[in-house]
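Let's walk through this model together, one piece at a time. Have the viewer open and follow along.

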Amino acid sequence: MAPVVTSVSPAQGNPAGGTPVTINGSGFIGATVVRFGPNLATNVVVVSNTQITARTPPGSGTAKVTVTGPTGTSTQNVFFTYTTVAAPVLTALSPASGPTGGGNTVTLTGTNLTGATQVLFGATPATILTNTATQITATAPPGAGTVNVTVTTPGGTSNTLPYTYTTVSAPTLTNLIPNSGPTSGGNTITLTGTNLTGATQVLFGATPATILTNTATQITATAPAGPASVVNVTVTTPGGISNPLSYIYVAAPVVTGVSPQFGPDTGGNSVTVTGSGLALASAVHFGPTLATGFTVISDNQLTATAPPGTGTVVVTVTTPGGTSTLGPGNPYYTYLGAPVIDSLIPDEGSSFGGDSVTINGSNLTYTDSVTFGGVPASFSVLSDNLAVATAPAHAAGTVNVQLHTPAGNSNTLPFTYDPV
C-alpha cells in the first residue's frame, strides 16, 4: 500500500523555503522522497512509520504534500501554503537563568511568535508548553554556561537572547510553624529555611501540599489531609530536595463526659473533662465561652475552670487536630442559679423532729442536701420552686435551714424547735 499523508505541521511557511515541518500519516518506512508540489523537500528524516520531518523547498501558492516510498506515492489532498510571514522577534526571557538540570519554565516574549516549531537553548530543543503571537512558555532543557535562545516559526528564526545555566544550592528547612495539625488538612503551614526560591513541590509524606507563597527563605503551604501519624515534610526546588522535618497529624479530640455536669452561673468551679486526644489541648470552651484555665492530666483527662454562663452548653476541647464535636458520651454542662429559700411552712416544730416542712423558693431542682442547724434532713424536690423536708430531731431552740445545690448554698431561714 502506498504511503498515506494525513497532515503537515505547520501548514504554511516562507516562499524561500527552509521551514521545518512534521508530516503525519502512515506507511512511511522506506520513504525516500517528500515533495511540496513538484519540488523536493530537504533534510528528510523518517522518524517512524507515522512521522517524517523535513524542510520545505522554495515555492509559491499552495502545494500538495506527497510522500514516495517503495510501494508508491501518497494521493491524499494535504496542502502547504507558501506565504510571507514576518520573522519572529524575541524581546525578553523570564527568568534569564536557571539550573543546569533544566526542568524550569521559561517565558519568552516578543512578536510574530505564532506557530513556533522549535525553541532552542543553544543547540538543545526545549519543550514548548504554550504559544501565542507574543508569548511562548517552554521547559528549559539541561545545559551549562550561557547559551543563546532562539525561536523558529514559519517566518524564520528569531534573534538570540542569552540564558545562563547556574548551579542552584539545595534547599534547607529549619522550621515548620505549626508542626502539627488536623488529619483533615487545610491549615496553613509556614516553612522557613534557605534556598527555597522556585519551589516546585512541598510534600507531606508522599502527599503534595498546595504552595501559597514562596520566597528564598519562606514558603507558606496548605497542608493536605493525612492519617494520624508523623510524616516528613520536604521541599523540592531546581536545586534538589531539602532535608525532612517532622509534622504530626493529630486526630480531632473527643469529649465523652464532664464531671460535675452542673455548676454555678458565676463559674469558677473545677470541672473534670474526659475523652481522648486531649494531651495537646490549646483551649477549652463552655459553649462559646473560653474556660478561665485548664490543666492537662493525660491524653484522656483534663480539668478546667468553668467560666460564667447560663443554660446548658456543650464543653469542647481544641487541639492541633481540631475542635471536638458531638459524639458518643455526654459533653453537656448546665449552669445553675444559686438556690433561694423564700419561706418555710411551718417554720416551727417539735424537738422530736418528724415534722413535714414545705420549702418555697427558686432554683431548687438540683437540691442535693437540706440541713436544719447543720443536721441533714430527708427531703423531696417537687419542682424548681418547691421542696418538702422532714425536720430531724434537735434540741429546743431556733436553727438555720439551708439548701445546697451544685450552684452552692442557699440563704438561710430560721426554724424553731419547741420543747417537748
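Is Asn43 buried or exposed? Asn43 is exposed, because its relative accessible area is 56%; the label exposed means over 50%, buried means under 20%, and partly exposed is in between (1.4 Å probe, protein chains only). Before going further, some housekeeping: this is a predicted model, where local features need pLDDT of at least 70 and side-chain atom pairs count only at pLDDT 80 or more, while totals for chains, interfaces and linings use all residues. Residues are numbered from 1 along each chain as its sequence is written, and side-chain values use heavy atoms, with hydrogens and water left out.

Back to Asn43, which sits in strand β6. Strands here are DSSP runs (E, at least two residues), as are helices (H or I, at least four residues), and the numbering starts from the N terminus. Asn43 has a positive phi of about 50° although it isn't a glycine. Most residues other than glycine have a negative phi, and most peptide bonds are trans.

Now for the sheet around that residue. Four strands form an open sheet in the order β1-β3-β7-β6, and the pairing is antiparallel. Its edge strands are β1 (4-9) and β6 (42-48), each pairing on one side only. From one strand to the next, the twist averages 20°; for such angles, axes are lines fitted to C-alpha atoms (for helices, over the stretch in contact), and the angles run from 0 to 180 degrees between N-to-C directions. Two strands count as paired if DSSP finds at least two bridges between them. Strands of a sheet pair through backbone hydrogen bonds, either parallel or antiparallel.

Take β7 (residues 51-55) as your guide here. On one side, β6 and β7 pair in the antiparallel sense over four bridges, and a hairpin of two residues joins β6 to β7. Within that pairing, Thr42 has Arg55 as its bridge partner, and Ser48 has Gln51. Strand β3 (residues 20-26) also pairs with β7, antiparallel over five bridges, and there Pro20 has Arg55 as its bridge partner. In a regular strand the side chains alternate between the two faces of the sheet.

How does the record divide the chain? UniProt (unreviewed entry) places the feature "domain: IPT/TIG" at residues 2-83, 87-166, 170-250, 252-336 and 338-418; its positions are given in the numbering used here, feature names are shortened, and annotations may be inferred rather than shown by experiment. Residues 2-83 have end C-alpha atoms 30 Å apart and are 0% helix and 57% strand. For residues 252-336 the end C-alpha atoms lie 30 Å apart as well, with 0% helix and 56% strand.

Next, find Val85 in the loop between β10 (79-82) and β11 (89-94). Val85 counts as partly exposed because its relative accessibility is 23%. Leaving out residues up to four places away in sequence, Val85 touches Gln12, Asn14, Pro154 and Gly155, where a contact means heavy atoms within 4.5 Å. Asn112 itself is in the loop between β13 (105-111) and β14 (118-121), and has a positive phi of about 60° although it is not a glycine.

Let's finish with an eight-strand sheet. This open sheet runs β41-β43-β46-β45-β44-β47-β48-β42, with mixed pairing. β41 (340-345) and β42 (348-350) are the edge strands, each pairing on one side only. In the loop between β41 and β42 you'll find Pro346, and the peptide bond from Ile345 to Pro346 is cis, with omega near -10°. Elsewhere in the sheet, β47 (residues 397-405) and β48 (residues 408-418) pair in the antiparallel sense over eight bridges, with Val401 opposite Leu413 in β48. Ala387 lies in strand β46 (residues 386-390) and counts as buried because its relative accessible area is 1%.
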